[in-house]
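Thanks, everyone. Let me put the model up, and then we'll walk through it.

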Amino acid sequence: MPDTPAAPAARPTPTAPAPLSAEDGKLVVLARGARGRVGAVEGAAVRDQDGRTYAAASVALPSLTLTALQLAVASAVAAGASRLEAAVVVTEASTLDGAGHAAVRDLAVDAPIHLAAPDGTVLGTVTR
């Protein structure tokens, strides 16, 4: 075990929003719903290689902290996904969390990650 904690992952800054397909628009709706149901800081949704979707909210427990995007990716992997086509994070933040970004990139180096405001307005897209 290392004696010092790992450095926090960088927070990717989204570029101008990419046009959303109808399928990506559905991810925004799912992510908003996941966030709103529990009053979470963030909601996220991902779509896998078969078109299946997974939505999640951020988790903050004394023993476990996950971003919404980490949990959505974990749900997809637990269901057998091997690749992601797209992801959405709904948050009040202006940047994407580094841990969620890394989780998506574990399954897809080129999937767009759309960052949306709580009202569903897409603020930007991370493509790297």
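Contact here means heavy atoms within 4.5 Å. Leaving aside neighbours within four places in sequence, A76 is in contact with V46, Y54, A81 and L84.

Some ground rules. This is a predicted model, where local features need pLDDT of at least 70, side-chain atom pairs count only at pLDDT 80 or more, and totals for chains, interfaces and linings use all residues. Residues are numbered from 1 along each chain as its sequence is written, and side-chain values use heavy atoms, with hydrogens and water left out.

Confidence next. pLDDT is the predictor's confidence in each residue, from 0 to 100. The chain averages 89, and 86% of the residues score at least 70. Residues 1-8 stay under 50. For that stretch the model has 0 contacts beyond four places in sequence.

Back to A76. It sits in helix 2. Helices are DSSP runs of H or I, at least four residues; strands are runs of E, at least two; both are numbered from the N terminus. Is A76 buried or exposed? Buried, with a relative accessible area of 0%. The cut-offs: buried is under 20%, exposed over 50%, partly exposed in between, with a 1.4 Å probe and protein chains only. A76 and R47 are 29 residues apart in sequence, yet 8.1 Å apart in space, C-alpha to C-alpha.

Now helix 3, residues 98-107. Of its 10 residues, 7 are buried. They are G98, G100, H101, A103, V104, R105 and L107. What covers them? Helix 2 is part of the cover, and so are strands 5, 6 and 7, among others.
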